[in-house]
Structure formats: C-alpha cells, structure tokens
Amino acid sequence: MKLSTVFAFAAGALAMPASYSAEPLKNNETALVDYYIFNLALPEFLAKREAKDPPSLNWTSDGCTNAPANPFNFDFTPGCQRHDFGYANYRKQGRFEIHGKRRIDEQLLVDLRNQCKKATHVWSKVGCEGLAEAYFFFYRSDAFGGGLDATGHVNPGLNGMSLKAVRERKGKEKEAKEEEEKEKEEEEKEKEKEEKEKEKEAKEEEEKEEEAKDKEAKEKELKEKKAEEKEAKEKKAEEKKAKKRERRERFEKSWWRYFVFLLP
Ligand SMILES: *[C@@H]1O[C@H](CO)[C@@H](O)[C@H](O)[C@H]1NC(C)=O
Ligand SMILES: *[C@@H]1O[C@H](CO)[C@@H](O)[C@H](O)[C@H]1NC(C)=O
C-alpha cells in the first residue's frame, strides 16, 4: 500500500459526515458503538470509557501491546483503546467484517495523527506520524487481519489472515485441488490402460491356448492317421505274405512242381 493511499483513507475517514446528530439511545448498542468510535472526539470517548458507559459494552483493551515499539512514548494509548473498543464490540455484534474493520483501522490512524499534532518539535512530529502509519499498517497487515474470509466476513477457520492472504490461500487450495483432480484422472487413465493391457494379455493367452489345443488336435489326428496307415500297411503286408504262403503251399502241393527245374 502506498503512503498516498493511507492519506486517502485518513482523509476519507475525516471527511465522513457524522452519522448521528445526537447520541443514540443506550439500548441501541450498534448505533452507540458506531457513535463512540466515529463521532465522539477522543477525550469524550475516554470519558465514556472511564465510566464504562454503558457497562454492557466490551471495554477491554491491552492498549497497543501488540503494535510496533513506541520508543519515544508518543501517547498512542487512547487511540489504541478506541481501536480495541472497535474490534471488541464489532466482534461482539457480529459486524467485524472487512469494511467495518477498515473503518476502525482508519479511525486509529486519525486518532494517532491527531495525537501527533501535539508534538512540539518538527522532527518528533515527523517521527510520530511515521509511527502512526506503522501502527496503521500493522493492523492492516496479515499479522492482524482479524480473520476475514474472501467475502470479508469473520471466519474462525482463517484466524488472523488478511484478505490478501485468504485469497492467496484460496488460490493455492484451488491449485492443489486441480492438481489432485489431474492426478486422479491420470491414475484412472493409467488404470484403464493397465486393464486394457491385461485384457489383451488374457486374449493373447486364450488365443495361444486355442492354438496349442489346435496343434495338439492336429498332432493327434496326424498320429492316428499315421497309425491307421501303418496298420493298413501291415495288414497289406500280412495279406501279401498270406498270399505268398498260399501260393507256396499250393506250389508245394502241386504235381507239376517236379517239372519246374526242367524249365529253360
Ligand atoms: C438504532 O439507531 C439507528 C440510528 O439512529 C436507527 O437507524 C435504528 O433504527 C436504531 N435501532 C433500534 C433497534 O432502535
Ligand atoms: C471483550 O473483548 C476482548 C477482546 O476482543 C475479548 O478477549 C473478551 O473475551 C471480550 N469480553 C467479553 C466479556 O466478551
């Protein structure tokens, strides 16, 4: 944030028309809190605080103990007390969202800079204003974001984060989610691929088995055929032999066998 922006904020806060022409009723706490923060002069606010008027409001304050060191002891405590009053009661009333918090922070800058007007020496005035801005930046920073979510509402799950930090976190979450989804998709693709491969393998195995079976069947057939052929051959040979034997027998029994030797 540029310094000029800070002054624009401060000017905006100063120029803001008084919302109330008279003090709201005590039972109207919302209006009363706004009136105390944004309409009352700081000393008037301190008087109300002293009297705890009304006691139903939250008057607790640690007086800027969180804020940057204040080595020259500029009297920032009253401004910080009003700032704490703003945070505590806006929280109490469920109004601690981004616009409300910004207005309260801007009021702190106005109060602190008013305090700086009391400084007598010009250099101490410059130092005071620098520190006032440092306080303002501190309460506007990530370290003191008050837990605002991206819609500017109090989100206990995002404790202490500024809008910027929340947006960054949301962006990162989105990125992570997208990455996860991508990974999942890839995993699924891989799985599908694996399944397809398995299917292919199974099919190939099946085909192989079928082939083997076919081969076996063919071999068996061939063997049977061969066996048959062999048998047939043997049978033929047997028949041939039988015929031969028969012929011989016939020859042996024939009367003309004695003349065979006489043939030329
Ligand atoms: C509280 O005061 C505001 C401003 O004066 C007014 O608009 C609102 O209606 C009041 N609410 C109640 C509940 O009286
Ligand atoms: C008052 O506000 C302070 C600071 O926000 C908080 O710690 C405390 O619990 C509040 N007190 C009550 C009674 O709500």
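Which residues are around ligand 1? Select Tyr20, Asn28 and Ala31 to see them. A residue counts as near a molecule if one of its heavy atoms lies within 4 Å of it. The protein covers 26% of the 360 Å² of accessible area that ligand 1 has on its own. Such areas come from the Shrake-Rupley method with a 1.4 Å probe, and for residues only the protein chains shown count as cover.

Before moving on, know that this is a predicted model, in which local features need pLDDT of at least 70, side-chain atom pairs count only at pLDDT 80 or more, and totals for chains, interfaces and linings use all residues. Residues are numbered from 1 along each chain as its sequence is written, chains are lettered from A and ligands numbered from 1 in the order in which they are written, and side-chain values use heavy atoms, with hydrogens and water left out.

**Stop two: ligand 2**

Select Asn58, Thr60 and Ala88, the residues around ligand 2. The protein covers 31% of the 360 Å² of accessible area that ligand 2 has on its own. Now pick out Asn58. A polar side-chain atom of Asn58 lies 2.3 Å from an oxygen atom of ligand 2.

**Stop three: the core**

Next, select Tyr36, Phe76, Phe85 and Tyr135. Of the 32 residues in the largest nonpolar core, these four touch the most other members. A nonpolar core is a set of buried Ala, Val, Leu, Ile, Met, Phe, Trp, Tyr and Cys residues joined through side-chain atoms within 4.5 Å. Buried means under 20% relative accessible area, exposed over 50%, and partly exposed in between (1.4 Å probe, protein chains only).

Colour the helices α2 (29-39), α3 (42-51), α4 (77-92), α5 (98-116) and α6 (122-140): each supplies at least two residues of this core. Helix α6 gives the most, with seven residues. Helices here are DSSP runs (H or I, at least four residues), numbered from the N terminus, while strands are E runs of at least two.

Zoom in on Phe85. Leaving aside neighbours within four places in sequence, Phe85 is in contact (heavy atoms within 4.5 Å) with Val33, Tyr36, Ile37, Phe45, Leu57, Asn58 and Trp59.

**Stop four: aromatic rings**

Show Tyr36, Phe45, Trp59 and Phe85 together; they form one aromatic cluster. Rings of Phe, Tyr and Trp (its six-membered ring) pair if their centres lie within 6.5 Å; planes under 30 degrees apart count as stacked, over 60 as edge-to-face and the rest as tilted. By this rule there are twelve aromatic pairs.

Phe45 and Trp59 make a tilted pair, 6.0 Å centre to centre with 40° between the planes. Phe45 lies in helix α3 and Trp59 in the loop between α3 and α4, so the pair ties together parts that are 14 residues apart in sequence. Both Phe45 and Trp59 are buried.

Then try Phe72 and Phe74. Their ring centres are 6.0 Å apart and their planes are at 50°, so this pair is tilted. Phe72 is exposed at 67% relative accessible area, whereas Phe74 is buried at 15%.

**Stop five: the loop between α3 and α4**

Most residues other than glycine have a negative phi, and most peptide bonds are trans. Select Lys52, in this loop. Lys52 has a positive phi of about 45° and is partly exposed at 48% relative accessibility. Asn73 lies in the loop between α3 and α4 too. Its phi is positive, near 55°, and Asn73 is exposed at 64% relative accessibility. Finish on Pro54, in the loop between α3 and α4. The peptide bond from Asp53 to Pro54 is cis, with omega near 0°.

Definitions and conventions: A polar contact is a pair of N or O atoms within 3.5 Å; within protein, one must be able to donate a hydrogen and the other to accept it, and residues adjacent in sequence count only if both atoms are side-chain atoms.
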